[in-house]
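Please examine the sequence and the structure below before reading on.

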Amino acid sequence: MKIKEIVKLLNAKVYCGEDLGEMEIHSACASDMMSDVLAFVKDQALLISGLCNPQVIRTADMMDIKCIVLVRGKAPTADMMAIAEQKGIAILSSEYRMYSACGVLYANGLIAGDATV
Amino acid sequence: MSEALRLEFNVAGNNFISAGSASDEVKKTLKMLGIGAQFIRKVAIAMYEGEINMVIHAGGGRAIVDIFPEKIKIVLQDEGPGIPDIELAMKEGYSTATDNIRDLGFGAGMGLPNMKKYTDEFLIESEVGVGTTVTMVVNFI
């Protein structure tokens, strides 16, 4: 799924990475705990989170995650946007809550990528 | 073993905005050196967790990173409160982090186990009231 399709499905506002719309995202994960993202995530390109601070961007960067969706309408801070711009990470914001955002993307074919639990 | 490339960082305590910048520098350097992506990921996660630990638990510290052609050695030193029971601290889910830290997305008790999981050598030396030194090695082969 392309980032621009994620934007459309989640009716999201693009804060960073306007130019990354054509990038393909193959799997996703969702968490408010960055420790869990670092512990359990493997090769996921999209992070859905309700946490809104610079460490969300840092964590994404460490995990080579290319796109972040902030749920519940959260807007990134200037610090977050500065790091994301530098790292080429897209930041989207959606009014959907976490569960709904995940559901919409999953139902449209964006899998978790860890379905061997 | 040929000579190492050494990087040194002062990690500022309680600065949640800059936390992770040392790990970022190391990640960039390894990328520039052409180290494989799977190794860079392991180093980035382990060092980032360690850096966050120093920021939230120890009031900052120092990171000394030696990069060899075949491995990387990361030493994280702090003068924080120390860890009274290392075995307990290594248990997944055990954390002494406050709610304040949890609100920031950390403190799930996964930091130390994660660091061990992603490294080939992992050693914690700690003395209560003196500080903690974590030594980690990731092999590139």
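What follows treats confidence, then the sheet of chain A, then the strands and a helix of chain B.

The model is predicted. Its scores are ipTM 0.87 and pTM 0.91. For chain B, the average pLDDT is 94, and 99% of the residues score at least 70.

In chain A, an open sheet is built from 5 strands in the order 1-5-4-3-2, with mixed pairing. Strand 1 (13-16) and strand 2 (28-30) of chain A are the edge strands, each of them pairing on one side only. On average, neighbouring strands of this sheet are turned by 20° against each other, direction ignored. One of the pairings joins strand 3 (residues 46-49) and strand 4 (residues 67-70) of chain A, in the parallel sense and over 4 bridges. There, Leu47(A) has Ile68(A) in strand 4 of chain A as its bridge partner. Helix 4 (residues 78-87) of chain A packs on the sheet, where it touches strand 1 and strand 5 (90-93) of chain A. The direction of helix 4 of chain A makes about 75° with that of strand 1 of chain A.

Chain B may be approached through its strand 3 (residues 71-78), which has antiparallel pairings with strand 2 (residues 60-67) and with strand 5 (residues 131-139) of chain B. The pairing with strand 2 of chain B runs over 6 bridges, and the two strands form a hairpin with 3 residues between them. The pairing of strand 3 with strand 5 of chain B runs over 8 bridges, and here Lys71(B) has Asn139(B) in strand 5 as its bridge partner.

Which residues of strand 3 of chain B lie on its covered face, and which on its uncovered one? In a regular strand, the side chains alternate between the two faces of the sheet. In strand 3 of chain B, Ile72(B), Ile74(B), Leu76(B) and Asp78(B) form the covered face, whereas Lys71(B), Lys73(B), Val75(B) and Gln77(B) form the uncovered one. Helix 2 (residues 37-57) of chain B is mostly covered, with 17 of its 21 residues buried. Its 21 residues should span 30 Å at 1.5 Å a residue, and this agrees with the end C-alpha atoms, which are 30 Å apart. Just after helix 2 of chain B, Gly59(B) takes a positive phi of about 70°.

Definitions and conventions:
Residues numbered from 1 in each chain as written. Chains lettered and ligands numbered in written order. Predicted model: local features only at pLDDT ≥ 70, side-chain atom pairs only at ≥ 80, totals over all residues. Buried ≥ 20, exposed ≤ 12 C-beta atoms within 10 Å, placed from the backbone. Pairing = 2+ DSSP bridges. Expected span 1.5 Å × (residues − 1). pLDDT = per-residue confidence, 0-100. Axes fitted to C-alpha atoms, helices over the stretch in contact; angles between N-to-C directions. Contact = placed C-beta atoms within 7 Å.
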